[in-house]
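Dear colleague,

Please find below the sequence and the structure that I am handing over to you. My account of what was found follows directly after them.

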Amino acid sequence: MSAVVATVRERAPEYCRDENGDNSGCLIGKDGWFFRILVRPATAEVAADLLAAD
């Protein structure tokens, strides 16, 4: 485990394909869909639960 974070806000998924059906080189996604979320470090209580389960 490299980080324990909590989601602050999700952005709406964006579909990104050009007229040839190619995914733009600047985006990393799955099947043309690009997902982003804003995160913050998890609180000690949340991190403890997740680390105990790991």
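A residue is called buried when its relative accessible area is under 20%, exposed when that value is over 50%, and partly exposed in between. Glutamate 14 has a relative accessibility of 29%, and therefore counts as partly exposed. I begin with this term since several residues discussed below are described by it.

Please note that the model is a predicted one. The mean pLDDT of the protein is 79, and 69% of the residues reach 70 or more. Among the elements, strand S4 has the highest mean pLDDT, at 93, while strand S3 (residues 33-34) has the lowest, at 76.

Overall architecture

The protein contains 4 strands and 1 helix. Along the sequence these elements follow the pattern β-β-β-β-α. Of the 54 residues, 11% count as buried. The accessible surface of the protein amounts to about 4600 Å², and carbon and sulfur atoms account for 54% of that area. As for contacts between residues with a separation of 6 or more, 57% of them involve residues 24 or more positions apart.

The charged network

How many salt bridges does the count give? The count comes to 2 salt bridges, and I take them in turn.

One of them pairs glutamate 14 with arginine 11, where the closest N and O atoms are 3.4 Å apart. Arginine 11 has a relative accessibility of 45% and so counts as partly exposed.

In the other, arginine 36 is paired with glutamate 14, and here the closest N and O atoms are 2.9 Å apart. This pair links distant parts of the chain, since glutamate 14 belongs to strand S2 (residues 14-15) and arginine 36 to the loop between S3 and S4, 22 residues apart. Through shared partners, the salt bridges join Arg11, Glu14 and Arg36 into one network. In general terms, side chains of opposite charge can pair when their charged atoms come close.

The C-alpha atoms of arginine 36 and glutamate 14 are separated by 9.0 Å. The side chains of arginine 36 and glutamate 14 also make a polar contact, at 2.9 Å. When neighbours within four places in sequence are left aside, arginine 36 is in contact with Glu10, Arg11 and Glu14.

Where does alanine 42 lie? Alanine 42 is placed in the loop between S4 and helix H1 (44-53). Is alanine 42 buried or exposed? Its relative accessibility is 18%; because the limit for a buried residue is under 20%, alanine 42 counts as buried.

Apart from neighbours within four places in sequence, alanine 42 is in contact with Val4, Val5, Ala6 and Ala47.

The nonpolar surface patch

Which residues form a nonpolar patch on the surface? The patch is formed by Val5, Ile37 and Val39, which together have about 240 Å² of accessible area. Valine 39 is located in strand S4 (residues 37-41). The relative accessibility of valine 39 is 37%, so this residue counts as partly exposed. Val5, another member of the patch, is also among the contacts of alanine 42.

Points to look for in the structure

- Glutamate 14 in strand S2, which forms salt bridges with arginine 11 and with arginine 36.
- Arginine 36 in the loop between S3 and S4, together with its contacts Glu10, Arg11 and Glu14.
- Alanine 42, a buried residue, together with its contacts Val4, Val5, Ala6 and Ala47.
- The nonpolar patch of Val5, Ile37 and Val39 on the surface.

With kind regards

Conventions: Residues are numbered from 1 along each chain as its sequence is written. This is a predicted model: local features need pLDDT of at least 70, side-chain atom pairs count only at pLDDT 80 or more; totals for chains, interfaces and linings use all residues. Side-chain values use heavy atoms; hydrogens and water are left out. Patches are made of residues with over 30% relative accessible area and no salt bridge: like charges are joined within 9 Å, nonpolar side chains (Val, Leu, Ile, Met, Phe, Trp, Tyr) within 5 Å. Accessible areas come from the Shrake-Rupley method with a 1.4 Å probe; for residues, only the protein chains shown count as cover. A salt bridge is a side-chain nitrogen of Lys or Arg within 4 Å of a carboxyl oxygen of Asp or Glu. Helices (H or I, at least four residues) and strands (E, at least two) are DSSP runs, numbered from the N terminus. Buried means under 20% relative accessible area, exposed over 50%, partly exposed in between (1.4 Å probe, protein chains only). pLDDT is the predictor's confidence in each residue, from 0 to 100. Contact means heavy atoms within 4.5 Å. A polar contact is a pair of N or O atoms within 3.5 Å; within protein, one must be able to donate a hydrogen and the other to accept it, and residues adjacent in sequence count only if both atoms are side-chain atoms.
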